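These are my notebook entries on a structure I had not examined before.

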Amino acid sequence: MDLTAGAPVRYSTPAGRWVLLATVLGSSLAFIDSTVVNIALPAIGRDLGSDAAGLQWTVNGYALSLASLVLLGGSLGDRYGRKRVFMLGIGWFAVASLLCGIAPNIEMLIAARVLQGIGGALLTPGALAILEASFAAEDRSKAIGAWSGLGGIGGAAGPFLGGWLVEVGDWRYIFLINVPIAVLVLLVAAKHVPESRNPAAARRIDYLGVLTGAAGLAGLTYGFTAWPEHGPGDPMVLVSLAIGVGAMVAFVLIERRSPHPMLPMRIFGNKAFSGANLVTFLVYAANGGVFFLFVVNLQVVSGFTPLTSGIALLPTTAMMLVLSARAGALSQRTGPRILMTVGPLICAVALVLMSRIGAGANYWTDVLPAVLIFGLGLSTLVAPLTATALGALEDSYAGIASGVNNAVARAAGLLSVAVLPLAAGLGGGSLTDAGQLHPVYRNTMLICAGLMVAGAVLAYLLVPSRLQAHTPARSFCDPCAPPVQSRESVRSAP
């Protein structure tokens, strides 16, 4: 059973609003720094003299450490307290942001971004796990929807502020501004967020799981990032990809046999949980490609300023702010399958329109329609997708469920930044040359549209029309009890 300080929090109470504020602000730190950096890439490249690979690693260094360690962050929260680990992550993130802001060269910036990702791995699963463990069962979908929508405030303000800082100030300020925000989150969390943990969680850290998972993602990411410049036959590329594949296989074998796994493989026997995470992988791989290249294309190819590029996606985040909580409430009534099928299809239409944005594009006629449709699709999709990924397992596994879903999303974005430019034909080209970038951007948007369609198909086939409510009985994935197939099959049946 999950331990939470006091009675469950209700959505409409002041206590619920304080918990939402802390989790939204904390999540926004990690989310904004995974997107606003893209706006600054041209300025970083010019200031630090970086090539395309260096700029990719500025994005991927953060995503790699976050994706590699987010499962560990979720399990640490389950064991030692979600509030405690969340606050540790906020503090770590603030220090790493300071180091990013004073980095003298691209190598130091990448190293500081890796440290930032570690902080993000500690705070990100904690935010969702706190919501799942703190709110009353009947309010969770609404709270998660509000978290998704209110996160749009940070998503909206971040690119606007980031673009303005890059244009009139310096790209370094996009990192330095994290420090005072982190201090505010720590103050709110310390006073208003209840502590929760899973007392049945193992106390040993799965070091082999952490190492093999990180090595697998690092090997694949480095191999695909180096491929365009060095070619597929380069020994370093081949060795890196081989290490990545071998380490991922070792990770699965270790987690299956470990008495105290970081990732209990039996949780994937739950059809709803597995289906939600497969959809997450495809959708966030597409999102990774969009957020990486969209604002770069607007600046380099279409001639937009950093500020106007930064606010180009503002309608998307505004729509998520308005609609996500409503989508979460609707999903509670209709079940998640319908919205998780329709949402990616709407996004696919938007990405086909985005692929047509080129030189001389007009914001009102070429950019805004695609952005509005994309916002509608994400607003329809994100809240039911997140609620399904977290709600499919028992409350005591909120941390690991959040960690898995975040790890899948971050790994998808990480690999998409490494693989999509290669798949789209970048070769040894430059991300700051309009002639070389535009065909890569166009092809990437079309590939991402295909990923969204595939996500919709999987959602229809694998996500149940209803999720059974949690019960106080022991979960089929309780490590102290054997799997109970009959309960699981009922839980995940359509």
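**Entry 1: helices α12 and α14**

I began with helix α12 (residues 314-334) and helix α14 (residues 363-391), whose axes come within 7 Å and cross at roughly 30°. The model I am reading is a predicted one. Angles under 35 degrees count as roughly parallel, and α12 and α14 are therefore roughly parallel to each other. I noted the handedness as well: α12 passes α14 in a right-handed crossing.

**Entry 2: the protein as a whole**

I stepped back to look at the overall make-up. I recorded 17 helices and 2 strands in the protein. The protein has 494 residues, and buried residues make up 59% of them. I also looked up how far apart in sequence the contacting residues lie. Among contacts with a separation of 6 or more, 85% are accounted for by residues 24 or more positions apart.

**Entry 3: helices α10 and α14**

I returned to α14 to see how helix α10 (residues 271-300) lies against it. The two axes come within 11 Å and cross at roughly 150°. The cut-off for roughly antiparallel is over 145, and α10 and α14 are therefore roughly antiparallel to each other. I found that α10 passes α14 in a left-handed crossing. On the α10 side, the residues making the contact include F273, V283, Y284, F291 and F294. On the α14 side, they include V367, F374, L378 and L385.

**Entry 4: helices α3 and α7**

Next I examined helix α3 (residues 82-101) and helix α7 (residues 178-192). Their axes come within 9 Å and cross at roughly 165°. α3 and α7 are therefore roughly antiparallel to each other, and I recorded their crossing as left-handed. I listed the residues that meet: in α3 they include K83, F86, M87, I90 and F93, and in α7 they include N178, V179, V185 and L186. The residues of the contact of α3 with α7 divide into 12 nonpolar, 3 polar and 1 charged.

**Entry 5: residue S65**

I then turned to single residues. Is S65 buried or exposed? I looked up its relative accessible area, which is 7%. Buried means under 20%, so S65 is buried. S65 is found in helix α2 (residues 52-80). I followed its side chain and found that it reaches the backbone oxygen of V114 at 2.7 Å. Leaving aside residues up to four places away in sequence, I noted that S65 touches R113, V114, G117, I118 and A121.

**Entry 6: residue V419**

My last entry concerns V419, which I located in helix α15 (residues 398-423). V419 has a relative accessible area of 27% and is partly exposed. How far apart are V419 and L220 in sequence and in space? I found them 199 residues apart in sequence, with a C-alpha to C-alpha distance of 9.4 Å.

Conventions
Residues are numbered from 1 along each chain as its sequence is written. This is a predicted model: local features need pLDDT of at least 70, side-chain atom pairs count only at pLDDT 80 or more; totals for chains, interfaces and linings use all residues. Side-chain values use heavy atoms; hydrogens and water are left out. Axes are lines fitted to C-alpha atoms, for helices over the stretch in contact, and angles run from 0 to 180 degrees between N-to-C directions. Helices (H or I, at least four residues) and strands (E, at least two) are DSSP runs, numbered from the N terminus. Angles under 35 degrees count as roughly parallel, over 145 as roughly antiparallel, 65 to 115 as roughly perpendicular and the rest as oblique. A crossing is left-handed if the near helix is turned anticlockwise from the far one by less than a right angle, and right-handed if clockwise. Contact means heavy atoms within 4.5 Å. Ala, Val, Leu, Ile, Met, Phe, Trp, Tyr, Cys and Pro count as nonpolar, Asp, Glu, Lys and Arg as charged, and the others, Gly among them, as polar. Buried means under 20% relative accessible area, exposed over 50%, partly exposed in between (1.4 Å probe, protein chains only). A polar contact is a pair of N or O atoms within 3.5 Å; within protein, one must be able to donate a hydrogen and the other to accept it, and residues adjacent in sequence count only if both atoms are side-chain atoms.
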